[in-house]
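Good morning, and thank you for coming. Please look at the structure on the screen while I take you through a few of its features.

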Amino acid sequence: MGATENKVNVDGAGLALGTSGFTPIQMAAAYSTIANKGVYQEPLSFTKVLDAEGNVILDADEVRDTHRVFQESTAWMLVDMMTDAVKTGTGTKAKITDMTVAGKTGTNSDYASVYFAGMTPYYVSTLWVGHDYPINKLKKGSSGGNEAAPLWQAYMAKIHEGLEDKAIIDADPTSLGLVKRTICPVSGLLATDACKGDEDHKPVTEWFLVEKAPTAYCDMHVTLSICSAENAIATEFCPPDSVSDVSYVLIRPDNPLYNFDDEYLLKALPNAVRTELTTDEFIASMKTCTVHADGSLSIFELKTKSQDLIQQVTDYLNTANGVPQDMSDTLKDDISALQVALSGYQYSEIEPLFEKLTNDFSALQNAMAQQTQDGNGG
Ligand SMILES: [Zn+2]
Ligand SMILES: [Zn+2]
């Protein structure tokens with residue numbers, strides 16, 4: 001693209017825009033190669049040389065170096081990406097009303113210079129801001145998006161006045177062998193519903209060459225409904241306000257992330273889980289919520305019923321006359337055992353104690369009814 005190797009700054013950040021030794025004209029030639037569907041055209045400062053009679057002695061178009069650098073499909077994808085960068089990315093300040101703009105910002109890490117390279121359906125232009133000697137810095141925090149893009153926009157908007165908007169590369173991407181795929185940014189594979197549950201790494205839709213497009217689905221994301229009572233898979237009995245979708249990212253040993261320090265891994269992927277299990281095995285290995293599981297009563301209903309029963313039995317024992325001592329003791333023991341269980345949320349612990357108190361209480365009521373009958377009879 002006209003970028004000869006000795007122009008590339010190899011001592012620092014290398015090729016990144018804004019830090020390399022490219023001149024703006026070389027940069028413009030490179031970007032026009034993209035806009036020109038992948039065909040490089042040598043930048044020229046003249047179009048024709050004519051003699052005194054007006055005969056063409058030199059036609060720039062015939063002598064300039066022109067050759068294909070990359071496929072039209074590649075150029076199309078680059079334009080698509082750079083259009084997004086101006087629409088919603090770092091280059092938004094280069095937007096021109098009613099005109100398609102694609103571009104890329106360049107920001108030097110130590111504010112030595114900033115860059116904006118942009119294109120429209122009509123022109124490519126690059127703009128570099130900096131000092132002759134990089135020892136002189138721009139103001140701290142300068143960026144290609146904030147300093148170079150607005151300047152670029154100011155003169156480009158003027159020369160596009162009255163021009164009709166059109167595509168930068170007017171081609172149907174499908175006919176270029178491209179396909180659109182929604183992929184998971186973590187695995188790089190086709191996104192699943194589970195990937196959509198990861199708020200921090202939402203699936204992205206991108207264009208791919210047909211032969212390079214991913215065909216397998218992401219096997220790293222698992223999204224499960226988790227009940228907070230036990231941090232376990234929610235059941236239909238779990239109350240909605242304790243249930244939320246949690247997205248796990250399964251990191252297998254063959255993934256480079258597997259060997260990352262937790263500090264780095266968990267910063268990028270807070271729900272990362274190192275595992276050798278398949279997705280199905282992982283789900284099967286998860287505990288199901290036992291707090292709210294099992295039976296027709298939810299734990300909260302069971303607890304309420306238990307409290308009511310304790311109150312009812314206590315009232316009865318306080319008011320009834322002639323309760324046999326052994327039965328009274330049994331019921332009091334039942335109540336204290338149930339109260340201990342009620343301090344937790346284990347359905348399986350509360351339920352049998354609730355049943356025992358229910359049974360012992362009805363046994364007492366039966367005995368008392370019998371006693372009354374006997375008394376009346378005697
Ligand atoms: Zn995924
Ligand atoms: Zn639950």
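Predicted model: local features only at pLDDT ≥ 70, side-chain atom pairs only at ≥ 80, totals over all residues.

Helices (H or I, at least four residues) and strands (E, at least two) are DSSP runs, numbered from the N terminus. With that in place, D98 is found in the loop between helix 3 (72-87) and strand 5 (102-107). Residues are numbered from 1 along each chain as its sequence is written, chains are lettered from A and ligands numbered from 1 in the order in which they are written, and side-chain values use heavy atoms, with hydrogens and water left out.

Let us stay with the backbone for a moment. Most residues other than glycine have a negative phi. D98 is not a glycine, and yet its phi is positive, at about 60 degrees. For accessibility, buried means under 20% relative accessible area, exposed over 50%, and partly exposed in between (1.4 Å probe, protein chains only). D98 has a relative accessible area of 64%, so the residue is exposed. N231 also has a positive phi, near 55 degrees, and is likewise a residue other than glycine. Its place is in the loop between strand 10 and strand 11 (232-233). Because its relative accessible area is 60%, N231 is exposed.

I turn now to the metal. Which residues coordinate the zinc ion (ligand 1)? They are C184 (SG), C195 (SG), C218 (SG) and H221 (ND1), at 2.0 to 2.3 Å. Donors here are N, O and S atoms within 2.8 Å of the metal (3.2 Å for Na, K and Ca); water is not among the atoms, so sites may look incomplete. Four donors count as tetrahedral if all angles lie between 85 and 135 degrees. The 4 donor atoms around the zinc ion (ligand 1) subtend angles of 100 to 121 degrees, and the arrangement is therefore tetrahedral. As a reference, the ideal angle for four tetrahedral donors is 109.5 degrees.

Along the sequence, the donor residues of the zinc ion (ligand 1) follow the spacing C-x10-C-x22-C-x2-H. C195 lies in helix 5 (residues 193-196), and C218 in the loop between strand 9 (204-209) and strand 10 (221-227), so this pair ties together parts that are 23 residues apart in sequence. Both C195 and C218 are buried.

Next, the domains, whose bounds come from an automatic or database domain assignment. The protein chain is divided into domain 1 (5-159), domain 2 (173-212), domain 3 (221-285) and domain 4 (299-372). The centres of domain 1 and domain 2, taken over C-alpha atoms, are separated by 29 Å. Contact means heavy atoms within 4.5 Å, and here the contact takes 5 residues from domain 1 and 6 residues from domain 2. Buried area is the accessible area (1.4 Å probe) that two parts lose on being put together, summed over both. Domain 1 and domain 2 bury about 530 Å² between them, with 81% of it on carbon and sulfur atoms. Of the area that domain 1 buries against domain 2, 81% is supplied by S73, W76 and M77, more than by any other three residues.

What of charged pairs? A salt bridge is a side-chain nitrogen of Lys or Arg within 4 Å of a carboxyl oxygen of Asp or Glu. Across the interface of domain 1 and domain 2, the rule finds 0 salt bridges. How many are found in the whole structure? The search finds 10 salt bridges.

One of them joins the side chains of R252 and D219 (3.8 Å, N to O). R252 lies in the loop between strand 12 (243-251) and helix 6 (262-268), and D219 in the loop between strand 9 and strand 10, so the pair ties together parts that are 33 residues apart in sequence. R252 counts as buried because its relative accessibility is 12%, whereas D219, at 38%, is partly exposed.

Another salt bridge brings together the side chains of R274 and D262 (2.7 Å, N to O). This pair links distant parts of the chain, with R274 in strand 13 (residues 272-274) and D262 in helix 6, 12 residues apart. R274 counts as partly exposed, at 32% relative accessibility, and D262 is partly exposed as well, with a relative accessible area of 43%. Finally, salt bridges that share partners join D334, K356 and D360 into one network.

Methods. Tetrahedral: all angles 85-135°; square planar, octahedral: opposite > 155°, others 65-115°.
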